[in-house]
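Subject: Structure for your files

Hello,

Please find the structure below, with notes on what was found in it. The notes follow after the sequence and model.

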Amino acid sequence: MGLPFPRPIDYYAGRVKTNNNMEKVKGWIAIRKEAKLEAEERRKVKEGKNLAKEIQEKRPSKKKEEIESVKK
């Protein structure tokens, strides 16, 4: 075809979101970002607990040592 077709001046204006809609979008983005940060914080706490548990299991407890020494 190759014919030039001039677009109306307000062609892109119909695609612009309203301020109310953009406020909703910004709010939704903020909620998702906050949820992501909370999930990451929970994950870090869980990893810390698991690490502490592993360290505790590796160390022999004093109570067990005392029981073993009494049995001998």
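Some notes on the source. This is a predicted model, in which local features need pLDDT of at least 70 and side-chain atom pairs count only at pLDDT 80 or more, while totals for chains, interfaces and linings use all residues. Residues are numbered from 1 along each chain as its sequence is written, and side-chain values use heavy atoms, with hydrogens and water left out.

Overall form

The protein has 2 helices and 0 strands; these are DSSP runs numbered from the N terminus, with helices being H or I of at least four residues and strands being E of at least two. Helix 1 covers residues 19-58, and helix 2 covers residues 62-71.

The radius of gyration is 31 Å, whereas a compact globule of 72 residues would have a value near 11 Å. The radius is taken over C-alpha atoms, and the globule rule is 2.2 Å times the number of residues to the power 0.38. Along the principal axes, the C-alpha atoms fill a box of roughly 100 × 35 × 10 Å.

Some C-alpha distances go with this. Asparagine 50, which lies in helix 1, is 29 Å from isoleucine 31, at a sequence separation of 19 residues. Glutamate 54 is also placed in helix 1; between glutamate 54 and arginine 7 there are 68 Å in space and 47 residues in sequence. Valine 70 belongs to helix 2, and its C-alpha atom is 53 Å from that of alanine 35, 35 residues away along the chain.

Surface

Buried residues account for 0% of the 72 residues. Valine 70 counts as exposed, with 70% relative accessibility. Glutamate 54, at 45%, counts as partly exposed.

Met22, Val25 and Ile29 make a nonpolar surface patch of about 240 Å². Patches are made of residues with over 30% relative accessible area and no salt bridge, joining like charges within 9 Å and nonpolar side chains (Val, Leu, Ile, Met, Phe, Trp, Tyr) within 5 Å. Methionine 22 lies in helix 1 and is partly exposed at 34%.

Charges

The protein has 21 positive and 12 negative charges, and their mean positions are 4 Å apart. Lys and Arg count as positive and Asp and Glu as negative, with His and the chain ends not counted. The place of a charge is NZ of Lys, CZ of Arg, CG of Asp or CD of Glu.

Side chains of opposite charge can pair when their charged atoms come close. The count of salt bridges is 2, a salt bridge being a side-chain nitrogen of Lys or Arg within 4 Å of a carboxyl oxygen of Asp or Glu.

- Lysine 44 and glutamate 40 meet in a salt bridge at 3.6 Å, N to O. They are separated by about one helical turn, because they are 4 residues apart in helix 1. Lysine 44 is partly exposed at 46%, and glutamate 40 is partly exposed at 34%.
- Arginine 43 forms a salt bridge with glutamate 47, with the closest N and O atoms 3.1 Å apart. Both lie in helix 1, 4 residues apart, about one turn of the helix. Arginine 43 is partly exposed at 43%, and glutamate 47 is partly exposed at 45%.

Regards

Conventions
Buried means under 20% relative accessible area, exposed over 50%, partly exposed in between (1.4 Å probe, protein chains only). Accessible areas come from the Shrake-Rupley method with a 1.4 Å probe; for residues, only the protein chains shown count as cover.
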